[in-house]
Amino acid sequence: MSGPVSVAAVDLGASSGRVMAGRVGPGELGLAELHRFANVPVRLTGTLHWDILSLLAGVLAGLRVAGGGLASLGIDAWGVDYGLLDADGALLGNPVHYRDSRTETATDLLLSRVPAADLYAVTGIQQLPINTICQLTAAAGTAQLAAARTLLMIPDLLAYWLTGVAGAEVTCASTTQLLDVRAQAWATALMTRAGIPPGIFPPLRQPGTLIGGLLPAVAAEAGLAGTGLAGDLPVLAVGSHDTASAVAAVPAGGDRFAYISCGTWSLVGMELPAPVLTEASRLANFTNETGIDGTIRYLRNVMGLWLVQESTRAWSARGLELDLDDLLGQAARVPAFAAVVDPDDPGFLAPGDMPGRIAAACQRTGQPPPPDPAAVVRCILDSLALAYRRTVADAQELSGRQVDAVHIVGGGARNSLLCQLTADACGLPVIAGPVEAAALGNVLVQARALGAGPDDLAGMRRLLRQTQRLRQYRPSGDGRAWAAAARRIPTGR
């Protein structure tokens with residue numbers, strides 16, 4: 001390992017983006033926020049879009065704050081969504097949000113062309129209406145798709161605007177349900193069967209590879225033209241799917257761990273050396289996404305803190321401005337299991353009146369609806385912990401590997417009530433942190449590419465344990481009560 005380097009990590013989430021400065025050297029790993037900005041979708045003529053140009057502006061503003069001294073830049077973001085470019089490389093329209101309703105009937109159409117078992121045998125990906133393959137199925141026949149010459153996932157689109165170089169980083173590409181998980185190549189035969197044009201998918205690239213230098217015009221816009229960095233600041237591919245970067249930053253001491261990357265979504269699973277493509281795995285709706293260094297992120301999507309976020313938004317619209325920390329303190333005093341729901345109920349996916357939907361779900365299952373905001377939050381957190389319990393148990397059974405601990409990374413690591421409930425539900429110790437796992441994983445992959453960081457995942461995780469603040473939660477309570485509560489949720493699995 002050479003001397004320390006400073007790099008910029010662009011980390012985009014479903015509700016906000018941030019540009020972080022990371023410093024890595026022998027025994028050193030630091031992170032500082034340079035600029036944070038909102039990620040607010042826009043509804044136009046009935047379609048929900050990402051405001052992608054606003055996100056680009058936020059990235060450039062963060063680089064202006066950074067100024068000189070950066071050795072490289074890397075971008076991670078959410079998966080499944082994309083932008084389409086025409087033959088001149090111009091964006092054909094704002095990317096559509098995965099929560100848009102256009103995919104409601106797309107899954108049935110897709111499965112009429114390619115059976116679910118065939119899709120899973122090739123891609124190993126959990127069947128969800130938000131997947132890129134379903135979005136493209138819904139877009140079939142549109143003028144925009146007909147005019148498209150290149151499809152770029154969100155982090156690759158931003159990297160293209162910064163460098164002028166198009167490509168597809170493999171960890172984000174794996175979320176499309178269009179990547180052959182064993183060959184680690186685009187599944188062109190599957191695309192043809194699904195009615196999707198293979199020619200719009202650019203070459204794949206690996207985490208740690210050079211994408212290109214910052215374009216001079218972009219450097220000038222970012223205030224770097226006078227720093228000697230114009231055209232020279234390398235933009236590196238990282239684990240550009242934010243969960244891939246977050247899992248790389250799980251501070252585990254071995255391979256017997258489960259993880260929960262907990263934010264708007266919760267990604268719950270294990271890190272494996274090879275995909276699990278059994279029929280039992282498909283029916284359990286587990287996904288095999290590509291991770292750093294050829295690992296497999298074997299996981300299931302759980303709805304996550306979206307349920308709390310959307311509830312607080314609904315209360316705010318009614319004039320109830322509630323402090324989240326106070327609300328969590330009140331929720332801790334609400335009796336456990338007064339009401340529980342399946343957080344993966346499709347009715348919770350779209351924006352709307354989440355407290356009302358939770359009340360309706362309780363009524364359908366013969367439970368009293370939560371009477372106030374604290375009870376709603378307790379219902380959500382109990383339900384999430386039960387979903388985590390089920391998913392961690394299923395992952396172990398389906399993979400044939402056992403775990404000794406659960407690591408919670410991301411924003412959910414701040415939620416001490418959720419962390420303790422997860423330890424109680426799973427009957428396993430929970431290690432919470434780091435909160436900024438995606439940014440740290442982004443930074444570590446850049447540092448390794450520059451020769452300034454640990455050269456393998458074990459070394460990265462050792463450095464994380466040495467430098468990051470972690471908190472441990474021991475399981476307590478009655479496991480039989482959790483088992484009884486789990487039986488009250490009709491999940492269909």
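Colleague: P434 has its place in the loop between strand 20 (430-432) and helix 17 (437-449). What makes the peptide bond from G433 to P434 cis?

Modeller: Its omega is near 0 degrees, and the bond is cis. Bear in mind that this is a predicted model.

Colleague: What is noted about phi of Q177?

Modeller: Q177 has a positive phi of about 65 degrees although it is not a glycine. The residue sits in the loop between helix 7 (170-173) and strand 10 (179-180).

Colleague: Why is Q177 called buried?

Modeller: The relative accessible area of Q177 is 1%. Buried means under 20%, so Q177 counts as buried.

Colleague: And what is the phi of N285?

Modeller: Phi of N285 is near 65 degrees, again a positive value in a residue other than glycine. N285 belongs to the loop between helix 11 (279-283) and strand 17 (287-290).

Colleague: Why is P207 called buried?

Modeller: P207 has a relative accessible area of 17%. The limit is under 20%, so P207 is buried. It is found in the loop between strand 12 (204-205) and strand 13 (210-213).

Colleague: Which residues is P207 in contact with, leaving aside its neighbours within four places in sequence?

Modeller: P207 contacts E169, V170, T171, A237, V238, G239, I292 and V445. V170 is also included in a second, separate core of 28 residues, as are A106, L136 and I196.

Colleague: Which residues touch the most other members in the largest nonpolar core?

Modeller: I358 and L381 do, in a core of 138 residues. Helix 15 (residues 373-399) gives the most to this core, with 14 residues. Apart from neighbours within four places in sequence, L381 is in contact with L305, L328, N415, L417, L418 and L421.

Colleague: How do you know that the buried residues of helix 2 line one face of the helix?

Modeller: Those of helix 2 (residues 106-113) are A106, T107 and L110. Seen down the axis of helix 2, the buried residues fall within an arc of 95 degrees, so they line one face. The face turned away from this buried side carries the exposed residues D108 and S112.

Colleague: What covers the buried residues of helix 2?

Modeller: The cover includes helix 3 (116-123), helix 4 (132-139) and helix 8 (188-194).

Colleague: What makes D118 and R193 a salt bridge?

Modeller: The closest N and O atoms of D118 and R193 are 3.0 Å apart. The cut-off is within 4 Å, and the pair therefore qualifies as a salt bridge. D118 lies in helix 3 and R193 in helix 8, so the pair ties together parts that are 75 residues apart in sequence.

Colleague: Why is D118 called partly exposed?

Modeller: D118 has 30% relative accessibility. Under 20% would be buried and over 50% exposed, so D118 counts as partly exposed. R193, at 44%, also counts as partly exposed.

Colleague: How many salt bridges does the structure hold?

Modeller: It holds 19. One of them joins the side chains of R313 and E310, at 3.1 Å from N to O. Both residues lie in helix 12 (residues 306-317), three residues apart, about one turn of the helix.

Colleague: Is E310 buried or exposed?

Modeller: E310 is at 5% relative accessibility, and the limit is under 20%, so E310 counts as buried. R313 is partly exposed, with a relative accessible area of 41%.

Colleague: What makes R480 exposed?

Modeller: The relative accessible area of R480 is 68%, and exposed means over 50%, so R480 is exposed. R480 forms a salt bridge with D478, the closest N and O atoms being 3.3 Å apart. At 37% relative accessibility, D478 counts as partly exposed. Elsewhere, salt bridges that share partners join E33, R36 and E436 into one network.

Colleague: Why are helix 15 and helix 19 called roughly perpendicular?

Modeller: Helix 15 and helix 19 (residues 479-486) pack at an angle of about 95 degrees, with their axes 10 Å apart. Angles of 65 to 115 count as roughly perpendicular, and the two helices are therefore described that way.

Colleague: Which residues in helix 15 and helix 19 meet?

Modeller: D382, A385, L386 and R389 in helix 15 meet G479, W482, A483, A485 and A486 in helix 19.

Notes
Residues numbered from 1 in each chain as written. Predicted model: local features only at pLDDT ≥ 70, side-chain atom pairs only at ≥ 80, totals over all residues. Heavy atoms only, no water. Core = buried A, V, L, I, M, F, W, Y, C linked by side-chain atoms within 4.5 Å. Buried < 20%, exposed > 50% of the residue type's maximum accessible area, 1.4 Å probe, protein only. Helix = DSSP H or I, 4+ residues; strand = E, 2+ residues; numbered from the N terminus. Contact = heavy atoms within 4.5 Å. Arc of directions from axis to C-beta. Axes fitted to C-alpha atoms, helices over the stretch in contact; angles between N-to-C directions. Parallel < 35°, antiparallel > 145°, perpendicular 65-115°, else oblique.
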